[in-house]
Amino acid sequence: MSVPKRDVAANQLSQFAKEHQNDKESITTTFGAPVGEKDASLTVGYHGPVLLQDWVLIDELAHFTRERIPERVVHAKERVHLGTSRFSQVAGELGYPDTVRDIRGFAIKFYTDDGIWDLVGNNQPVFFVKDFALFPSFIHVMKRNPKTHLRPDYDMFWDMITLRPETTHTTLIMFSDRGIPNSYRQMHGYGTNTYAFVNAQGTFVYCKFHWRSNQGVVNLSSEEAERIAGRDPDYHTRDLYNAIESADYPSWNFYIQVMTLDQAAKNSYDPFDDTKVWLHSEYPLIPVGRFVLNKNPKNYFAEIEQIGMDPAHLVPERTEKSIWCPFTFSYLAGIEPSPDRMLQGRLFAYADTHRYRLGPNYIQLPVNSPFKMHNYNRDGQGTVISQGGAPNYHPNTFNGPHEDVRAKALSPALALNGIAKRVDSGNDDNFTQSRMFYKNVLKADERNRLITNMLTWLLPTTVVLQERAVAMFSNVDQELGRRLREGLKTRQHVDL
Ligand code: HEM
């Protein structure tokens with residue numbers, strides 16, 4: 001491993017810190033009001049939903065969803081993704097090499113008789129942070145430094161990781177072999193957040209979604225991934241396109257995990273914390289179906305660039321195709337959000353970004369359009385659907401679309417009781433599951449590669465952050481901490 005040298009660009013943040021040692025400004029909203037608690041959303045009790053009156057977070061999220069302006073018309077290169085499913089990379093821009101270390105998006109759009117259902121997940125069962133209050137900052141540290149315009153910026157990354165120990169679990173997964181899949185076909189997918197199923201009686205259970213690849217899980221070594229990035233930056237895109245065109249259709253089996261309300265109340269870890277998995281030994285995978293990719297898009301821009309996935313696109317009604325649940329002995333009729341704090345923030349963010357990126361009528365684009373749509377929205381940029389002269393106000397006596405009694409009956413009545421408060425959720429047990437992953441899931445050679453991969457990203461950062469990382473990962477396993485410390489000592493870089 002070559003020893004990376006820190007240069008002026010790498011020191012951008014240290015330089016800033018030096019120059020601003022005596023600054024005492026507090027955080028403000030975009031309109032200048034001081035913010036007292038930055039890292040927790042305003043929920044009704046610890047597990048309550050987030051309140052719309054949390055204007056501090058809406059202010060930040062609405063800005064975050066508008067951070068990017070459209071790509072340039074020349075010099076912007078297309079990349080991955082498919083028909084009603086779209087695979088992606090969290091941090092890289094259009095044209096970034098496919099084979100970099102990152103989490104991959106795994107999003108699927110279902111066109112059902114009762115509307116669109118989007119399952120917008122990742123190729124990992126857990127995420128770095130659990131309160132959406134932290135999401136914009138977390139994405140910032142994965143992306144370019146706004147001054148140097150370079151990425152990764154190792155100081156930004158390790159600073160945030162080590163200040164928020166709930167990132168430990170996903171960080172370990174990202175630096176394991178799974179951080180660079182060999183292809184989109186050879187990775188599993190996960191809904192990651194916790195959702196709820198509602199049955200015909202309006203009672204509900206919590207659930208998680210899983211896609212298991214029938215092509216197996218195959219990953220690339222860091223060295224091979226680097227070589228491929230130079231040779232074929234579109235490696236994953238090419239693989240998927242070619243497989244589908246040659247009728248070698250990739251498929252995934254679809255499973256759910258189910259947790260009853262009673263089980264949720266007694267569970268030893270928070271079932272709504274997306275930095276944790278639900279243990280398969282306690283909540284087994286229940287098979288429900290299969291998903292095959294058998295068609296490439298005919299026009300990439302129309303079907304992929306314009307697709308608008310949204311975790312708030314949920315189907316509330318019972319349909320003939322609903323899922324039989326062996327635990328509750330009933331059909332699971334509709335899908336609802338759970339109090340998962342990250343999911344609560346996502347419910348707002350996606351439509352907000354689509355209205356900005358694709359226009360207020362993005363849902364009328366063919367790729368996003370449900371089979372039927374009758375409502376009281378009218379006009380705006382990009383209107384296509386006329387609604388046939390139906391009244392544009394409700395209630396009305398002129399046979400405009402009416403409320404659906406079935407959907408009404410299925411909205412679960414939630415008993416909420418709690419104090420509306422910002423409670424930082426970062427200090428729950430962040431290490432037990434990380435330890436299980438490191439010690440029980442990974443084999444010895446996989447642990448060795450994990451440490452080498454972590455050192456590659458840790459070596460270029462400052463000594464202070466290296467020490468903090470060693471301390472944090474020692475909480476997972478003393479041996480892991482010791483090996484990181486020794487790796488850093490023997491290959492220590494020289495600070496500028
Ligand atoms: C509050 C937290 C989050 C916010 C604000 C957020 C926001 C966004 C935004 C703005 C986009 C771009 C959408 C577009 O322009 O089409 C996006 C895409 C995406 N997000 Fe999130 N996200 C959050 C959390 C998550 C989490 C936890 C996951 C994984 C479980 C996830 C998975 C994805 C995926 C897969 C895509 C790509 C969708 C596609 O292929 O069209 N996001 N997110």
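1. A definition before we start: a polar contact is a pair of N or O atoms within 3.5 Å; within protein, one must be able to donate a hydrogen and the other to accept it, and residues adjacent in sequence count only if both atoms are side-chain atoms. Please keep in mind that this is a predicted model, where local features need pLDDT of at least 70 and side-chain atom pairs count only at pLDDT 80 or more, while totals for chains, interfaces and linings use all residues. Residues are numbered from 1 along each chain as its sequence is written, and side-chain values use heavy atoms, with hydrogens and water left out.

2. Which residues hold the ligand by polar side-chain atoms? Tyr 350 has such an atom 2.6 Å from a nitrogen atom of the ligand. Arg 86 places one 2.6 Å from an oxygen atom of the ligand, and for Arg 357 the distance to a ligand oxygen atom is 2.9 Å.

3. Tyr 350 itself sits in helix α10; helices (H or I, at least four residues) and strands (E, at least two) are DSSP runs, numbered from the N terminus.

4. Now the wider shell. The ligand is surrounded by 24 residues, the closest being Arg 86, Gly 121, Asn 122, Tyr 350 and Arg 357; a residue is near a molecule or strand if one of its heavy atoms lies within 4 Å of it. Helix α10 gives the largest share, 7 residues. At least two shell residues come from each of β2 (85-89), β3 (104-112), β4 (115-122) and α10 (341-357). By type, the shell has 12 nonpolar, 9 polar and 3 charged residues, where Ala, Val, Leu, Ile, Met, Phe, Trp, Tyr, Cys and Pro count as nonpolar, Asp, Glu, Lys and Arg as charged, and the others, Gly among them, as polar.

5. In soluble globular proteins, nonpolar side chains tend to be buried together.

6. Beyond its neighbours within four places in sequence, Trp 158 is in contact (heavy atoms within 4.5 Å) with Thr 171, Phe 175, Met 454, Trp 457, Leu 458, Thr 461, Leu 465, Ala 469 and Phe 473.

7. Leaving out residues up to four places away in sequence, Thr 168 touches Asn 430, Phe 431, Ser 434, Met 472, Phe 473 and Val 476.

8. Gln 433 belongs to helix α12 (residues 432-441). With 8% relative accessibility, Gln 433 also counts as buried. Among its contacts beyond four places in sequence are His 169, Tyr 269 and Lys 276.

9. Finally, some backbone geometry to inspect. Most residues other than glycine have a negative phi, and most peptide bonds are trans. A cis peptide bond joins Arg 151 and Pro 152, with omega about -5°, and Pro 152 is in the loop between α3 (135-142) and α4 (154-163). Another cis bond links His 394 and Pro 395, with omega about 5°. Asn 399 has a positive phi of about 60° and lies in the loop between α10 and α11; at 79% relative accessibility, Asn 399 counts as exposed.

Definitions and conventions: Buried < 20%, exposed > 50% of the residue type's maximum accessible area, 1.4 Å probe, protein only.
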